[in-house]
Amino acid sequence: EASAEPDAAPVPAQLPAAVAAFAGRDAELERLDGLLDAGEPAMAVGVICGAAGTGKTSLAVQWAHRVADRLPDGQLYVNLRGYATAPPMRPIEALTGFLRSLGVPADRVPPNETAAADLFRTLLAQRRTLVVLDNARDAEQVRPLLPGGTRCVVLVTSRHKLGGLVAQEGAHHVPLDPLPADSARALLG
């Protein structure tokens with residue numbers, strides 16, 4: 001007899017591979033570690049910002065792998081294409097991918113952004129999940145993708161400071177400058 005319960009969705013593990021040659025960034029990694037304790041009474045959001053090529057994605061992915069065991073309900077990742085030659089990803093596209101990864105059947109994914117965001121927040125409300133939003137164009141692209149629960153950690157990378165997320169959502173700003181000379185030599189070595 002078939003079970004009336006649907007199969008449990010797998011725990012999402014969407015992080016790209018960490019870079020093999022990672023050097024420096026100890027201060028930034030330490031600041032990001034603070035996100036793990038910053039969740040109560042609000043969701044923890046970190047924004048890594050800096051110029052193109054400073055290693056924002058590498059830092060985000062490195063840290064995400066480092067703390068994955070502390071966020072046992074999974075890691076969601078999306079490249080929002082904020083600076084690609086193609087149009088930036090619309091929030092509904094990212095939400096659709098996240099909901100499918102969380103086990104929502106394709107025919108049950110809401111077609112509009114507000115309903116999809118509501119379902120996303122509902123599914124993550126009691127989960128300890130990491131959400132990495134890479135290459136965000138602006139705060140408006142990010143806001144519908146914020147889970148809202150106090151147990152989740154969100155890490156955003158952008159070329160812009162996304163001051164609106166800092167002001168309204170209490171995001172922690174992690175500026176990223178080019179690597180100092182000694183760290184750059186260690187990376188090349």
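1. Arg81 counts as partly exposed, because its relative accessibility is 28%. In this predicted model, Arg81 is placed in the loop between β2 and α3. The phi angle of Arg81 is near 55°, a positive value in a residue other than glycine. Arg81 is also among the residues touched by Asn135.

2. A positive phi value occurs at Arg25 as well, here near 65°, and again the residue is other than glycine. Arg25 belongs to the segment before α1 (26-33). With a relative accessible area of 9%, Arg25 is buried.

3. Asn135 lies in the loop between β3 and α5 and, at 22% relative accessibility, counts as partly exposed. Beyond four places in sequence, the contacts of Asn135 are Thr57, Asn79, Leu80, Arg81, Gly82, Tyr83, Gln141 and Thr157. The C-alpha atoms of Asn135 and Cys49 are 9.4 Å apart, although 86 residues separate the two along the chain.

4. The sheet is open and consists of five strands in the order β2-β3-β4-β1-β5, with parallel pairing. At its edges stand β2 and β5 (172-175), each with a single partner strand, so one side of each has no neighbour in the sheet. From one strand to the next, the twist averages 15°.

5. β1 and β4 are joined in the parallel sense over six bridges, and Ile48 stands opposite Thr157 in β4. β2 and strand β3 (residues 130-134) are likewise parallel, over five bridges; within β3, Val131 is the bridge partner of Leu76. How far is strand β2 (residues 75-79) enclosed by the rest of the structure? Four of its five residues are buried, so β2 is largely enclosed.

6. Helices pack on this sheet. Helix α2 (residues 56-67) touches β1, β2, β3 and β4, and its direction makes about 165° with that of β4. Helix α3 touches β2 and β3, its direction making about 155° with that of β2.

7. The largest nonpolar core has 32 residues, of which Leu80, Phe120, Leu133 and Val156 touch the most other members. At least two residues of this core are supplied by each of β1 (44-49), β2, α3 (91-101), α4 (113-124), β3, α5 (139-142) and β4 (153-158). The largest share, five residues, comes from α3. In soluble globular proteins, nonpolar side chains tend to be buried together.

8. Setting aside neighbours within four places in sequence, Phe120 contacts Leu76, Leu95, Phe98, Leu99, Leu102, Val131, Leu145, Leu146 and Pro147. How are the rings of Phe98 and Phe120 arranged? Their centres are 5.4 Å apart and their planes lie at 20°, so the pair is stacked; the cut-off for stacking is planes under 30 degrees apart. The count of aromatic pairs comes to one. This pair links distant parts of the chain, since Phe98 is in helix α3 and Phe120 in helix α4, 22 residues apart. Both Phe98 and Phe120 are buried.

9. Ile92 also lies in helix α3. Is this residue buried or exposed? At 13% relative accessibility, Ile92 counts as buried, because the term applies under 20%. Not counting residues up to four places away in sequence, Ile92 touches Pro110, Pro111, Asn112, Glu113 and Ala116. The C-alpha atoms of Ile92 and Pro110 are separated by 9.2 Å, with the two residues 18 apart along the chain.

10. The last point concerns confidence. The chain has a mean pLDDT of 89, and 88% of its residues reach 70 or more. Over residues 1-6, however, pLDDT stays under 50, and for this stretch the model has zero contacts beyond four places in sequence.

Key. Residues numbered from 1 in each chain as written. Predicted model: local features only at pLDDT ≥ 70, side-chain atom pairs only at ≥ 80, totals over all residues. Heavy atoms only, no water. Buried < 20%, exposed > 50% of the residue type's maximum accessible area, 1.4 Å probe, protein only. Pairing = 2+ DSSP bridges. Core = buried A, V, L, I, M, F, W, Y, C linked by side-chain atoms within 4.5 Å. Contact = heavy atoms within 4.5 Å. pLDDT = per-residue confidence, 0-100. Axes fitted to C-alpha atoms, helices over the stretch in contact; angles between N-to-C directions. Phe/Tyr/Trp six-rings, centres within 6.5 Å; stacked < 30°, edge-to-face > 60°.
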